[in-house]
Amino acid sequence: MLTVKHLAKSYDGEKKSLTDVSFSVQPGEVTVIIGPSGAGKTTILRSINQLIRDDDGEILFDNTDIRQLNRAQLRQARCRIGMIFQNYNLIEPLTAIENVLHGCLGTKSNLAGIFSIYRNREKEEALKLLEKVGLAEFAYQQCRNLSGGQKQRVGIARALMQQPKIILCDEPIASLDPKSTITVMDILRDLATNDGISVLINLHQVDIARSYADHVIGINNGQVVFDDRIQALSDTAIASIYQKDANSEGSVVHEF
Amino acid sequence: MNSDVQQVTNFFNTKRLRLSIILVIFGLAYIGASIGLGFQTQSLLNVQAGIAWLIHNFIPNEASQGYWNEIIQQLFRTFIVAVASTTCAAVVSLFLAIIGAQTLTPAITVSWVIRCLSSLLRNIPIVAWAMILLFSFKQNDLTGFLALFFMTLGFLTRAFMETIEDFGTEKIQALQATGATYLQVIFQGLLPEIAVALMTWILYMIENNVRDATLVGLLTGTGIGFIFNLYFKSLRYGAAGLVVLSVIILVVAVELISNLIGRLLS
Ligand SMILES: Nc1ncnc2c1ncn2[C@@H]1O[C@H](COP(=O)(O)OP(=O)(O)OP(=O)(O)O)[C@@H](O)[C@H]1O
Ligand SMILES: [Mg+2]
């Protein structure tokens with residue numbers, strides 16, 4: 001489904017944020033990336049849909065290297081890669097249904113997208129997805145009036161509107177209360193198990209990873225230091241993932 | 001511990017010293033400027049006599065009531081010029097701001113050119129704009145319109161550009177991640193988010209331009225500024241006072257309306 005090989009990235013051309021990262025993600029599985037702050041988790045996730053241009057390596061999505069695509073092809077590929085964010089990144093003055101429909105912009109012509117001309121099939125799909133995430137009665141609410149947990153669920157519905165093969169989640173629960181955390185994680189788990197979508201999540205909470213993940217990738221200082229099934233994640237493994245690296249200048253700090 | 005306390009004391013002493021120095025510098029600047037201009041501070045005491053003269057002559061009397069018709073006509077013309085120039089400039093500004101904002105610019109050189117252009121337009125005083133344009137466009141409403149247009153274009157481009165840059169890249173990227181095109185991101189993401197801020201700037205600029213249009217009219221011989229000049233030079237002070245009064249009423253009305261619209265928007 002998704003295979004990352006020898007990925008490398010440096011923001012300033014000097015300090016390496018990623019050095020030789022390789023891993024792969026299976027359909028129908030929840031894969032969690034854990035690691036200390038500044039380890040490079042966000043950089044990995046954003047390289048996958050090329051919001052960040054990485055320096056070197058291969059990112060095989062459906063057997064084509066995303067890094068080699070031209071603009072139009074990249075747009076095509078992005079259509080099948082959903083993404084949700086810690087601060088939701090919804091268009092706040094617009095309603096929930098409008099934000100969900102943004103998920104199909106990638107398949108529309110420029111003009112149809114600009115003037116919000118959606119097909120009936122797409123409107124039905126959007127309503128169905130809002131129902132799926134439990135927000136049917138909020139379809140016409142402005143997103144700025146929704147709670148954090150509700151916003152994140154709109155974010156998930158927007159990602160699902162893309163009919164994605166994979167969903168990238170950058171700390172999706174970091175700003176949520178415990179109850180919303182469970183709602184959101186249950187939805188993501190369900191997408192993997194029942195819809196066969198690959199779910200790749202950056203997380204800070206090891207206990208959440210334990211209850212929801214199939215596979216864990218541990219990142220420390222831009223390198224993969226753990227890559228195994230969740231059952232293999234022992235306390236010593238966790239300690240080594242969060243270990244403070246001797247040659248990084250204090251950027252690696254265990255956050256909680 | 002003691003040395004810590006000493007450090008805090010020193011901190012405040014330095015701060016006080018700095019403030020005193022600044023005050024002394026302002027004082028010296030005032031004295032220097034007074035001497036340079038031959039301005040005598042005690043002449044401020046005679047200001048009340050001047051004000052009394054103003055009040056006596058400029059209070060509109062019965063004779064000036066006959067001018068209402070002409071004043072309202074010209075006031076309306078001035079208002080239209082101000083609104084038209086602002087709205088036209090706003091449309092062009094929005095386009096320039098989008099391709100000039102660092103977060104959305106197609107090329108960093110484009111951003112630079114637009115930044116310089118808007119700075120240039122903005123920093124030429126409105127009076128200078130009017131004088132320059134008078135050469136090519138002579139005394140008519142178009143000259144005033146263009147002077148306001150160029151100044152507003154410079155100002156709004158800068159203001160819009162900052163609004164767009166404050167909006168950040170995260171939400172833009174979130175839409176790009178769905179495969180949306182550049183134009184789709186702008187119309188579906190950027191514009192809905194910044195619409196209220198844009199309206200606020202435009203309303204502010206209309207207020208400002210109603211005031212400036214009066215001044216520009218004085219130079220270009222059009223609108224309310226022109227008749228003020230006319231009455232004033234022909235010693236019809238009462239009528240001139242009426243013009244000032246009407247401009248104040250208009251500006252306050254515009255401000256009230258724009259506040260109302262602002263409240264409805266948010
Ligand atoms: N835009 C940027 N410009 C320069 N350096 C950056 C940028 N983004 C990230 N970095 C650096 O790259 C490294 C990895 O950052 P990244 O955001 O991927 O870490 P992370 O694992 O997501 O951390 P966190 O858990 O705090 O979100 C850090 O050292 C960071 O300082
Ligand atoms: Mg991060």
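This is a predicted model: local features need pLDDT of at least 70, side-chain atom pairs count only at pLDDT 80 or more; totals for chains, interfaces and linings use all residues.
**Stop 1**

Select residues 2-37 of chain B, which form helix 1. Check its length by placing a distance between the end C-alpha atoms. The 36 residues, at 1.5 Å a residue, should span 52 Å, and the end C-alpha atoms are 53 Å apart, so the two values agree. Now step just past the helix to B:Gly38. Its phi is positive, about 65 degrees.

**Stop 1: the annotated domain of chain B**

Select residues 75-258 of chain B. An unreviewed UniProt entry annotates this range as "domain: ABC transmembrane type-1". Colour the range by secondary structure.

**Stop 2: where chain B meets chain A**

Show both chains and select the residues in contact. Chain B contributes 18 residues and chain A contributes 29. The area buried between them is about 2100 Å², with 54% of it from carbon and sulfur atoms.

Next, look for polar links. Between chain B and chain A, 12 residue pairs are in polar contact, counting pairs with both residues at pLDDT 80 or more. On the chain B side, helix 8 (170-176) and helix 9 (182-220) each supply at least two of the residues that touch chain A. Helix 9 gives the most to that side, with seven residues.

How many salt bridges does the rule find across this interface? It finds one. Zoom in on B:Glu170 and A:Arg46. Their side chains meet in a salt bridge at 2.8 Å, N to O.

**Stop 3**

Is A:Gln163 buried or exposed? A:Gln163 is exposed, because its relative accessible area of 52% is over the 50% cut-off.

Move on to A:Glu171, in the loop between strand 7 and helix 7 (178-195) of chain A. This residue is not a glycine either, yet has a positive phi of about 45 degrees. A:Glu171 is buried, because its relative accessible area of 15% is under the 20% cut-off.

Definitions and conventions. Residues are numbered from 1 along each chain as its sequence is written. Chains are lettered from A and ligands numbered from 1 in the order in which they are written. Side-chain values use heavy atoms; hydrogens and water are left out. Helices (H or I, at least four residues) and strands (E, at least two) are DSSP runs, numbered from the N terminus. The expected span of a helix is 1.5 Å times one less than its number of residues. Buried means under 20% relative accessible area, exposed over 50%, partly exposed in between (1.4 Å probe, protein chains only). UniProt positions are given in the numbering used here, feature names are shortened, and annotations may be inferred rather than shown by experiment. Contact means heavy atoms within 4.5 Å. Buried area is the accessible area (1.4 Å probe) that two parts lose on being put together, summed over both. A salt bridge is a side-chain nitrogen of Lys or Arg within 4 Å of a carboxyl oxygen of Asp or Glu. A polar contact is a pair of N or O atoms within 3.5 Å; within protein, one must be able to donate a hydrogen and the other to accept it, and residues adjacent in sequence count only if both atoms are side-chain atoms.
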